[in-house]
Amino acid sequence: MTEQASAKVNMEKIVSLCRRRGFIFPNSEIYGGLSSCWDYGPLGVELKRNIKQAWWRAVVQERDDMVGLDTSILMHPQVWTASGHLKEFADPLVECKSCHLRWRSDDLDGNNCPSCGGELTESRLFNLMFKTFMGPIEGEASVVYLRPETAQGIFVNFQNVVNTTRKRLPFGIAQIGKAFRNEITTGNFIFRSREFEQMEIEFFVKPGTDEEWFEYWLEERLNWYVKLGIKRENLKLRQHTKEELAHYAINCRDINYLFPMGWAELEGVANRGDFDLVQHASSSGKSLKYLDEETNEHIIPYIIEPSAGVDRSTLAFLCDAYDEEPYKNEIRVLLHLHPTLAPIKVAVLPLSRREKLVTVAKQIYADLRPHWMVSYDDAQSIGRRYRRQDEIGTPFCVTVDFQSLEDEQATIRERDTMNQIRVPIKELKAVLAAKLSGECFDTQLL
Ligand code: GAP
């Protein structure tokens, strides 16, 4: 039996919520959209930024064995010959002889076109790299490629990083950036697109310790998703068979997530061995060896690569957070986003638009804004405004009412439990800071 994601969530609901509330829009929509390209709206850009920041914090800032890098999307064309991408980075493509739609043959169940049932051509390999030209003259000599993975920028800078940071093995280099693949088939919203972002770690280790580090990174990366709120039962590991390993890998396991369309890859953790450094050393003629000071030997490190997709993580966090519950004869839609990821941390809501309330609420809004992404909303009933914040995953609402004018207190309302507490206005910042960082708080419940 195929496993199903929560019955409450499906892709249509996620796409509709993202569109309606400004998380994600179809690209170039006023021109009819560009297939498989998506634009992140005001809330989406915050969510995505928070995911990248949480990743960077966990893998770079909080570790002493990792440094960051930000390399160019365009690279010397020889990189892609050496890395094997020019020859190997291809998917098997078939075309329908009737409707001319193209398919990845390894995605098909039968031998006929899934759209019209027509006969398919023989499978041929289709290289997934986007080609463009550098400079004003278009010709073979000026061909360059948009990188299909950020990893190569790290490999070609290995020696630069060793020389400038004096990092010793084992250590890693992390990078977040755009990658491009001319995928034959795209779809499932932002799951598979032609332009996407990756968060990649290349972790350099002594040969012989590689499988130990491989297991270590699988565990680390799995825990990262769980710490940020993904339910453990919605994640599982999938071992690659020998036949499906990428051309550079000697071992690989995917971290799969139970998306609405079924289990699919969220992140890949690969043991790339010494493939990349050996290839680049031989192709460039430069030594990419590392002096092991313990043995005084020059070695080529092995590389463990946890490679995550920013867009797929965004989709997984959204799907996992999505919830619907009955509330007062209606359905309350909410995103249980971890406070670290929530696009807006606090919404300030005056009970009415009376000037005296607005003045106090606007002052609170101004006081909180330097610390977090805060929104201000005074349109429609307070109930509707709470629903609007629940639907975008805002962990806390601060409500200013008429009593606030007398006792200088405001109400903090929590998204998941809808519990409310009354707090002196001058303590709001400290109380919210404690709550957002997960510390307990003991002000009396209303
Ligand atoms: N450097 C290794 C590498 O690129 P990959 O498994 O091809 O490995 C890593 O890609 C991650 O990048 C995937 O787990 C996925 O999250 C993301 N990814 C790959 N292709 C994608 C696409 N077409 N659209 C969105 N994300 C993609």
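1. Strand contributions to the ligand shell. In this predicted model, β13 gives the most to the shell around the ligand, namely five residues.

2. Residues around the ligand. The ligand is surrounded by 20 residues. The closest are Glu-149, Glu-183, Ser-193, Glu-200 and Glu-265.

3. Which side chain places an N or O atom 2.6 Å from an oxygen atom of the ligand? That side chain belongs to Glu-265. The side chain of Glu-183 has an N or O atom 2.8 Å from a nitrogen atom of the ligand. From Leu-266, a backbone N or O atom lies 2.9 Å from an oxygen atom of the ligand. Taken alone, the ligand exposes 550 Å², and the protein buries 91% of that area.

4. Overall fold. The chain contains 13 helices and 23 strands. Its C-alpha trace spans about 75 × 65 × 50 Å along the principal axes. Where contacts link residues at least 6 apart in sequence, 65% of them join residues at least 24 apart.

5. Burial and surface. Of the 446 residues in the chain, 50% are buried. The accessible surface of the chain amounts to about 22,100 Å², and carbon and sulfur atoms account for 50% of this surface.

6. Charges. The chain carries 55 positive and 65 negative charges.

How values were computed:
Residues numbered from 1 in each chain as written. Predicted model: local features only at pLDDT ≥ 70, side-chain atom pairs only at ≥ 80, totals over all residues. Heavy atoms only, no water. Helix = DSSP H or I, 4+ residues; strand = E, 2+ residues; numbered from the N terminus. Buried < 20%, exposed > 50% of the residue type's maximum accessible area, 1.4 Å probe, protein only. Contact = heavy atoms within 4.5 Å. Areas by Shrake-Rupley, 256 points an atom, 1.4 Å probe, with all protein chains shown as cover. Lys, Arg positive; Asp, Glu negative; His and termini not counted. Charge placed at Lys NZ, Arg CZ, Asp CG, Glu CD. Near = heavy atom within 4 Å. Polar contact = N/O pair within 3.5 Å; in protein donor to acceptor, adjacent residues only side chain to side chain.
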